[in-house]
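Good morning, and thank you for joining this group meeting. Please look at the structure on the screen while I go through its chains, their interfaces and some charged residues.

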Amino acid sequence: MGVEVILNQFLILAAVLFVMGVYGLLVRRNAVMVLLAVELMLAAVNINLVAMEAFWQTTEALGQILAVFIITVAAAEVGIGLAIILLIFRNRRSANVDELDLMRW
Amino acid sequence: MGFEDWIAEPLNWVFAVIALATVVSGFRVVTSPNVVHAALFLVAALAGTAALFLLLAAEFLAWVLVLVYIGAVIVLFLFGIMITRAPTGRDESNLDHKRRLPAALVSLALLALLLWGLISQWGDTTIDRITAGTPTTVLGEGLLGRFVFPFEVVGFVLLAALVGGITIARRDLSPAEEKEWESK
Amino acid sequence: MVNAGLTTIYLAAEEGAIHAGTGGIWSEWAGLMLIGPMLAFLVIVMFGKRMRYQGAEVAIGVMAFNLIWSTVLLVLNMGDEGVLYERSIEIARVGGGLVFELGWMVDGLSIMMYWVVAAVGLAVFVYAHGYMKGEIRVTFFFAALSLFAGSMLVLVGSPNLVQLIIGWEGVGLASYLLIGHYWEDKENSSAAMKAFYTNKVADVGLIIGVIIIGVVLGSFHYWDLAAAAAEHSDLLGPVAVTAAILLFIGAMGKSAQFPFHIWLPDAMAGPTPVSALMHAATMVTAGIYLMARTFPLYQELATAARPWMIAAGTITLFGMGLLALVVDDIKRVLAYSTVSQLGYMMTAVAAGGYTAGLFHLFTHAFFKALLFLGAGSVIHAVHSNNMSDMGGLRHHMPHTYRTFVIGSLALAGIFPLSGFWSKDEILATLGYEGYNLVMWIAVAGAFVTAFYMARAVSLTFFGEYRGHGHPHESPRIMTAPLWALAVPAVIAGLVNIPGLKLPLIGSFTSWLSVRSVSMGDHHAESIDLGLAAAGLAAAVAGLWLGWVAFGPKAAKRRAERDWVEVPGLYPLLRQKYYLDHVALGMVWTIRSPLARAVNWVNDYVIDGVVNMVGALCQGLASLVYRGVDQRGIDGVVHGVSYGASGMGGLLRRIQSGRVQQYAGLLVAGLLLLVVLVLFVL
């Protein structure tokens, strides 16, 4: 045993970050802010994956590879998300999520 | 393992500092009234995440995070903020909507559940051989070997996002503007 | 992983065991027939617009290839040695030891279906090339036609039930696309929806039935199903009737059996070549095929299911035939006729007449495709679907007229055209199996068939022309397929004359008897002259009556009335037995708030019942109406409807349109679920 690092310290940190992301997702009015909160959640997931990878030590570094994929998809998501927000803003002069209620009954 | 043992490990000092910084930044991301500040706090939170990756000996991933997120995604966000005139002042009324309490309750319940699950599952299991590190060759071989198909798919997704982003965000010119454009 | 070939290759029909070869290279590559049209679909979708004939050449070429290939297989399968081959390629392993495989099967039944689909398909494709000239979305039309035929080939070529479902749904999708080809009109897209939904409801039965069989047997292969049925397997036994009924529900949907037939007449909204393909080869025969393919199940284990199937088939064959008497749209006449003929096939298969049902499918494919293409040619000429706009066309369109009459006589069952032989075979089977009542209903059905065909021919081709403009014969590209189909419509019956075995060709019975597991079905050794005479007499009487009632002389007397209005019966038929109303009501119940359905039930069912009773017996009715209905039932009904609407008003508040509220509820619901699973259950 060289280093005494507890697995849970990473996982709990990730859980806290994730929950903060959920909170931001639920309360923020501005769509850009909502996207920021989503990024926070994704970062939390990445921490989880990397911590688990460090714990299991798979030969192919599966956790890290998954994290790479998540980062890539997140980049795509931000691009598309911001484009959609831009379009909504242009049409409605507002990027507030709670004003987008065209879909309700 | 008691707290003394834990704190006796120098690596954990570093962890405590990074974790504190990350959590505080993360909290500011979702509470800051100023969008630009929120984005900058996200930079801090992501930098903390990258530092954690370094701590966990995932160097390559840490630098990917720094380059892709802090270098590119945040810049994209800043553009988005500027174009959509997101609230940059201290206008509290426009910031969050009025149902903050139920949202907070749901989030706390989620946190409680997660904590219960994590603690009951993992307890104080330790991570061994954390200094081993992952050579980037392993990642490269994995990405272009076993995971080459998902890799290609993700590449395609990125391309689709690129094209889709342009198509969605492009503004069709009005007939008058079109005429003006042609006359140039 | 490939498992090629079968372990046992013996089969027996009533004539005894037949040895079968594997068919060599033609069987080994028969999968090309399944893949070809699918590839054609992709190619046409991607490159069709740039082609010289907008993709039609690809579709026709592939169909011609299929026809050649399947003809070779058909010839190989003729005579004393049949062809039996199966190839399955493992795609994935599902849980529970089940394997998902794709592949193809070459045996008597499949070969017959390959050939029918290819032959009718080729004729229809060529015809469609002329028919669709100058129409919108021709490229897409041919792509969808290829998909249609390809899905059907996947269906009939399948060695297992899962691939059958894939083809089955592909057929449903393609039919949706094609029925709604002119979707600019709301009516057409609604018809497409109706077909799709009706089929989907029935498909649920099929899928559950397949799952039951798969889970119980651990295999989706027909081979295993047939073997289990032949051995009276203890595994299959307890669920056999349930599974059989569920499969039959699926077949009822695709083969338009009562009460799932409602989609088929509306499906006439599509272009006529689609109707021809759908009615002859690709869609409605799928249900009959499924019944034939799973025949051992019904023959050996699920005998309790057979009376229900016969009942459904009998109602269909007679009741739906009557409907063809009152419609004005020529395509709908043919549509109801198809439904009625499918009733014959279903009844025959359910009664144990495996060969008889399939033989009727075989002959029906040709003359029904011929009739539809003929109708399309007429519609093309007069620009109307209604027979009240036609008349006297025999001078203007000689080729269409002659072929249409051939098709009509074949459908009516006039000696010696193909319909006579297949209908007679069904009658003989019903008699042999002891279903005498059903047999006489079928004879009456033959009378009705002849009657409405005589009406259709008289109104369309005889008398005075009542439409506008100048009708003209269709171009040769459309009349050539008509004549090409007229040939088999005349001679196809000759391959299965009881007691006669043609040299080299053998008989239809022996073609079909090449199959993996023996199962008994009856094929008459000689013609029952009395029965044949009865059938023929019914047909001739029907034709004669139709000619008298609707012929040129009668038409002069009744200038506008193209049907005889029998009191009581006529309104019932015009309203299609009110089945559309019932079906629509069921859809509403599911779709909209309960209140509307309750109101509908109130308006149509309760009041309708009350009114009917009233018509029969006035005094009692008014008593019931005023006393029970108005005060009692309506009170309850209105109470229920107000309750439902109030509940709806409360529930709709949740649907606020606020995304974040939804997200919050989502997380909360997830938490609730996790807590429930972890702590409560």
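Predicted model: local features only at pLDDT ≥ 70, side-chain atom pairs only at ≥ 80, totals over all residues.

Chain A has three helices and one strand, where helices (H or I, at least four residues) and strands (E, at least two) are DSSP runs numbered from the N terminus. Along the sequence these elements come in the order β-α-α-α. Residues are numbered from 1 along each chain as its sequence is written, chains are lettered from A and ligands numbered from 1 in the order in which they are written, and side-chain values use heavy atoms, with hydrogens and water left out.

Of the 105 residues in chain A, 64% are buried; buried means under 20% relative accessible area, exposed over 50%, and partly exposed in between (1.4 Å probe, protein chains only). Taking contacts in chain A between residues at least 6 apart in sequence, 60% join residues at least 24 apart, with contact meaning heavy atoms within 4.5 Å.

Let us turn to the interface of chain B and chain A. Here 89 residues of chain B are in contact with 75 residues of chain A. The two chains bury about 7400 Å² between them, and carbon and sulfur atoms carry 77% of it; buried area is the accessible area (1.4 Å probe) that two parts lose on being put together, summed over both.

How many salt bridges does the rule find across the interface of chain B and chain A? There is one, a salt bridge being a side-chain nitrogen of Lys or Arg within 4 Å of a carboxyl oxygen of Asp or Glu. The partners are A:Glu60 and B:Arg146, whose closest N and O atoms are 2.6 Å apart.

One residue of chain B deserves a look. B:Thr22 is in helix 2 (residues 10–31) of chain B, and B:Thr22 counts as buried because its relative accessibility is 0%. Leaving out residues up to four places away in sequence, B:Thr22 touches A:Leu17, B:Ala45, B:Gly48 and B:Thr49.

**Chain B with chain C**

In this interface, seven residues of chain B are in contact with 10 residues of chain C. The buried area is about 680 Å², with 83% from carbon and sulfur atoms.

**Charged residues in chain C**

Over all chains, the structure holds seven salt bridges. One of them joins C:Glu169 and C:Lys200 at 2.4 Å, N to O. Since C:Glu169 lies in helix 6 (residues 161–179) and C:Lys200 in helix 7 (residues 186–217) of chain C, the pair ties together parts that are 31 residues apart in sequence. C:Glu169, C:Lys200 and C:Asp203 are linked in a network of salt bridges.

C:Asp266 takes part in two salt bridges: with C:Lys194, at 2.8 Å between the closest N and O atoms, and with C:Arg332, at 3.4 Å. C:Asp266 is buried, with a relative accessible area of 15%.

C:Lys423 itself is in helix 19 (residues 418–432) of chain C.
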